[in-house]
Structures are given as C-alpha cells and as structure tokens.
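The sequence and the coordinates come first.

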Amino acid sequence: MIVAVVLSAGESSRMGRPKALLPIDGQTFIERIVGALKQGGVERIVVVLGFEAEEMRRHSAHLPVEILVNPDYKLGQLSSLQVALRHLDADKSCAGTMVHLVDHPYIDPKLVRLMLQRFDQSTHSIVVPRHQGKRGHPVIFSRMLFGELLKAPMDQGAKAVVNAHRDDTLEIDTEDAGITVDIDTPELYRQHVKGD
C-alpha cells in the first residue's frame, strides 16, 4: 500500500493566510487535494500540520485523513515529511509514500492512479511526473528510501535523496501542467485560480 502524505505545516507567510484553506472551485485546497488522492486510488492519507495546527485540525476534521502535527515545522518541509515517515515506519503494509504539497492544488486523479500503477509495476524507488521537461508533484518514494529521507540534511530537503537516486527514478511524462503549479503568493493565486 502507498500512503499519501500531504505537507501542510508551513506558516503561509507569503500568502498571508493558510494555503490549505484557500477556496478553489467551491472547495478548499486541502479538500481538493484529498479528494483527488482518494479518486486516484489512495486508501490512506496522512496530513502533516504545524503552524496554527489546532485551527487547521478543526477545518480538516471532516476529511478522511490522519492528522499529524510537526512541532518543528519552522525547520521546513523535510521536517514535516520526517514526522510522517516516523509514523509510517512501523506499518509494514506501507510500501512507500506519495508526497504532495498543499500549495499544489491542481492534482489529477488520473495521474495519481497512473503513478500508483507504474510504481507497482516497476522496480524504481522514486516515481515523479514531468511536464515539458519539468518535474512536479506528487512524488512517490519507496519504503526503501525512508531511512535516507530521515537522515537527509534539512537545508537540502528531499531533493538530496532524489538527486542521489537519479538512475533509480521513473519519470512519467504528462500533459498535465498542474503538476508544476505552486501557488504560494496572492499574485499566483489570482493568476491561477481567480483567472481560471
């Protein structure tokens, strides 16, 4: 089983309000992401919170997810991923994790399903989507890499592990431009959401 991990612990300082709760197509970012993961075939979803965790928990209580809190969220995204990995490490049914960021709301259930299938069929330890030569999210990491991710340097994040396994990475080309859309400022929100 691949467990999805949605990283939603940051302060959203550039956005000025929690990105997870921004409206998009009648939903919030987090609702849209969780819905797409479920539609794509992910059975178990973990959401990692940090900044204003209790308020965020209240807004996420109706979602079919497990909520973890990263007290050290100021250390960055990797610290939140590590909280999830430590939680999942004891679960031997977890074959890997599909990592997604809450400021990437354009996630397609069809791509999620394809990534899960390709991971299942291949021996690669990383699966990543690519649009016009640019990699995006979500990213699947095999359980075999949990140890490396837990030891990776905070200043480099998961990229250090990705870069160390270039030959063991399966890239899936997609026409879905949404994989690279990172909405973390009011300007980008207006451009991508208000303008669509």
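Two residues are in contact when they have heavy atoms within 4.5 Å of each other. Among the contacts in this protein with a separation of 6 or more, 71% join residues 24 or more positions apart. The structure is a predicted model, and the values that follow are computed from it.

The secondary structure consists of 7 helices and 10 strands. The radius of gyration is 16 Å, close to the 16 Å that the globule rule gives for 196 residues, so the protein is as compact as a globular protein of that length. Of the 196 residues, 52% count as buried. The accessible surface comes to about 9,500 Å², and carbon and sulfur atoms hold 49% of that area.

Two or more lining residues come from each of the strands β1 (2–8), β6 (96–101), β8 (134–135) and β9 (139–142), and from the helices α3 (77–88) and α6 (159–164). Of these elements, α3 gives the most, with 4 residues. Sorted by class, the lining has 20 nonpolar, 14 polar and 13 charged residues.

The second largest pocket has a volume of about 230 Å³. Which helix gives the most to the lining of this pocket? Helix α4, residues 109–121, does, with 5 residues. The lining includes Arg113, Leu116, Gln117, Phe119 and Asp120, along with Met1, Ile2, Gly40, Gly41, Val42, Glu43 and Ala95. By class, the lining of the second largest pocket divides into 6 nonpolar, 3 polar and 3 charged residues.

The last stop is a loop residue. Met144 sits in the loop between β9 and α5 (146–151). Is Met144 buried or exposed? A residue counts as exposed when its relative accessible area is over 50%. Met144 has a relative accessible area of 62%, so Met144 is exposed. Along the chain, Met144 and His131 are 13 residues apart, and their C-alpha atoms are separated by 26 Å.

How values were computed
Residues are numbered from 1 along each chain as its sequence is written. This is a predicted model: local features need pLDDT of at least 70, side-chain atom pairs count only at pLDDT 80 or more; totals for chains, interfaces and linings use all residues. Side-chain values use heavy atoms; hydrogens and water are left out. Ala, Val, Leu, Ile, Met, Phe, Trp, Tyr, Cys and Pro count as nonpolar, Asp, Glu, Lys and Arg as charged, and the others, Gly among them, as polar. On a 1 Å grid over the protein atoms alone, a cavity is a set of points where a 1.4 Å probe fits but cannot get out, and a pocket is an open set with protein on both sides within 12 Å along at least five of seven lines; lining residues have an atom within 4 Å of a point. Grid points are joined across faces, edges and corners, and a volume is the space filled by probe spheres set on the points. The radius of gyration is taken over C-alpha atoms; the globule rule is 2.2 Å times the number of residues to the power 0.38. Buried means under 20% relative accessible area, exposed over 50%, partly exposed in between (1.4 Å probe, protein chains only). Accessible areas come from the Shrake-Rupley method with a 1.4 Å probe; for residues, only the protein chains shown count as cover.
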